[in-house]
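Me: I have a model to go through. Can you walk me through it, quick answers please?

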Amino acid sequence: MNPEVTHYGRDQIQQLLDDALPEPLATDLTDHLSECPDCRAQLESLAQDSAWWTKAKPDVRVVLEDPAAYSSSCLVLLRSPSVDDEDESFASDFAVDFLSASDDPTMLGRLGEYDILEIIGRGGMGVVFKGFQKELHRCVAVKVLAPHLAQSAAARRRFEREAQATAAVVHPHVMAIHSVAANVKLPYLVMPFIPCESLQQRLDRLGPLDIKDVLRIGMQAALGLAAAHSQGLVHRDVKPANILLETNVDRVMLTDFGLARAVDDATLTRTGIIAGTPQYMSPEQANGDGVDHRSDLFSVGSVLYAMCTGRPPYRADTTFGVLRRIRESTPRRICEINPEIPEWLERVIWKLLEKSPGDRIQSAVDIATILEQCLAHVQQPLTTQLPDVIRSWPTAAAPDLPATAPAATYASWRKILLVAAVVSLLIVIAVTLNQNPSSNQPGSDAESATVPAPRTSRPLLWDAVQPEIDQASAEIQRMRDASQLELDAVQNTPD
Amino acid sequence: MFDDAPQTRPSLLLRLRNDRDERAWSEFLTIYEPLLLRVMRRRGMQECDARDSTQQVLLRIYGAINRYQPDGAEASFRRWLFRVARNVAISFLSRQARQSMSLHDDMDWSELEGDGSLESDPFDQEYRQQVLAWALQHVQREFHLNTWLAFVETSVHGRDIADVARELNMSTGSVYVARSRVITRLRTKVEQFEADR
């Protein structure tokens, strides 16, 4: 206190505001302000343009009433800090808040009929705990909807859907569901506890995988996906984190049908960019277009790419950047990153990473069949051939659209001209052969030999040319699609 | 100045047009993503639909940013953004109406069908609030909890200074200083945001 000073100077008050007034002056002045209305007025006039604050105040009040409504949440930035280090404290908070006490002190707590041992995973939707079911004396994995999401009706519905969708698909390569508790404070679903790691964890640990593993994991994941597709379900979130690799057993399981949705169901979110990483989304998802099962097939392509190279094909610092890459760009050639990957596997992957769904391999079953044959070839190269169809696929991904579209068109036309040339040549040869049918007849009876000659030569010729013609018409179709895409892009632009 | 902030100055626009400027897009999203979400929710959309629609608006903006020409009038970019948002919302809601064969009575269509002129710029307030929210979030971290609470309780909620001082175990003088400091910082932060646009 410094009662002799009746008023402080403007400069000193300004310094106090700037936190630049030395002690003990600062304390004295602060105390003085408690008593002196004049100096307070001085302070406030210095501090705040009252007109500014008067205008800002109602808005500040609205913001502070519901700060969550003003924070970015939907398109999460990939730069967001890692949550791993929070796991421990989260688990204990969670245990305190939502689990009832367990008889067993080594347990975190109890949820329904399950003793909860430890946290084993965390996802966008919730937390996965290792649990123990005493009655059946078995370990289980309990997936609990995150508390902040449990308040949202939409999230609860989605969680319930996951249970329904997964339960509908019974398949060795799809993670099964034991039971569901939907109408409780925190909904949860119970799955078998299977010692495993996710493909994502393995990639983080070991980097690119051996080609046999790439083919085996890809094949099994495709089989699981085929089972879901046959139920009319689109998974929509196929990524390494959702592909589980059972420890010590060569079994792969597809999991997390949280975004899965029946093709004809319009009640839930259409595009599903809600949480997590978008690196494995398809272009149609990134576009916000409707998706069908072929969207999942693109994601399988991205997963195969990640297994070959150790990283996803489309990368950027932000979610938005990734979505743009997926829509527009061509990933780096796999052979540049991992020279051990053969060209034919790269062809399979590019065929899946086609921007237009119609250009991809058309079903998960087809993928599984192709990968299975490839695996057989790798294991028995002398006795098993690669699938013939791979040879007709391009060795590099389709170039970026629309920037390099003219180049693509030019290349395609060149190919068509080439095919035309080959066809004419073969026709000439065929005609020559037909004109001189007995020239290479081994038998002596020329009369009877003339009859089969045209019959056999024509199908032979046709067989030789057919793939080329098919490919040419596919190219033409693709160019049509590409120009249609461009047209659509022009028509769909905002006003 | 905040009062007459020229919303979205050309510099951010230019940066948004540069494909490699991820930072510009994340800055853009910080402000406009929550803003669009709120606008969509206010139209009566369910949470997931609001998110979907917001995403569509952002993707459309991204797709068309290179063709966008400011019309020279105030808040040109925001009015454009609003038109896109309105189109997305209308097409979503009409699709939904077709599917359920019933219109939602509680839906406010009037604003959606507005002409998007400056007078009816419904983003103006949302935008101001969003910038303030951004500034509040940053400024809060700079102060001790008591300083912050002194500001919130007295300046925002208008509570009696002596009461708040007692609750926070501060002198009334400290409460005055605290809230003045916060407001000064807040204003500086908002102005800095505007200057960076």
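Me: Is A:H137 buried or exposed?

Reply: A:H137 counts as exposed, at 62% relative accessibility. Buried means under 20% relative accessible area, exposed over 50%, partly exposed in between, with a 1.4 Å probe and protein chains only. This is a predicted model: local features need pLDDT of at least 70, side-chain atom pairs count only at pLDDT 80 or more, and totals for chains, interfaces and linings use all residues. Residues are numbered from 1 along each chain as its sequence is written, chains are lettered from A and ligands numbered from 1 in the order written, and side-chain values use heavy atoms, without hydrogens and water.

Me: Where is A:H137 found, and what is its phi near?

Reply: A:H137 is in the loop between β3 (126–133) and β4 (138–145) of chain A. Its phi is near 50°, a positive value in a residue other than glycine. Helices (H or I, at least four residues) and strands (E, at least two) are DSSP runs, numbered from the N terminus.

Me: What about A:D19, buried or exposed?

Reply: A:D19 is exposed, with a relative accessible area of 58%. Its phi is near 60°, positive in a residue other than glycine. A:D19 is in the loop between α1 and α2 of chain A.

Me: Which peptide bond goes into A:P24, cis or trans?

Reply: The bond from A:E23 to A:P24 is cis, with omega near 5°. A:P24 is in the loop between α1 (10–17) and α2 (25–35) of chain A.

Me: New topic. At what angle do α4 of chain A and α5 of chain B pack?

Reply: About 75°, between α4 (residues 50–65) of chain A and α5 (residues 123–142) of chain B, with axes 9 Å apart. That makes α4(A) roughly perpendicular to α5(B); the label covers 65 to 115 degrees.

Me: Which residues make the contact?

Reply: From α4(A), they include A:K55, A:D59 and A:L64. From α5(B), B:R128, B:L132 and B:L136 are among them. Contact means heavy atoms within 4.5 Å.

Me: How do they divide by type?

Reply: Eight nonpolar, two polar and three charged. Ala, Val, Leu, Ile, Met, Phe, Trp, Tyr, Cys and Pro count as nonpolar, Asp, Glu, Lys and Arg as charged, and the others, Gly among them, as polar.

Me: And chain B, how many helices and strands?

Reply: Eight helices and zero strands. Buried residues make up 55% of its 197 residues.

Key: Axes are lines fitted to C-alpha atoms, for helices over the stretch in contact, and angles run from 0 to 180 degrees between N-to-C directions. Angles under 35 degrees count as roughly parallel, over 145 as roughly antiparallel, 65 to 115 as roughly perpendicular and the rest as oblique.
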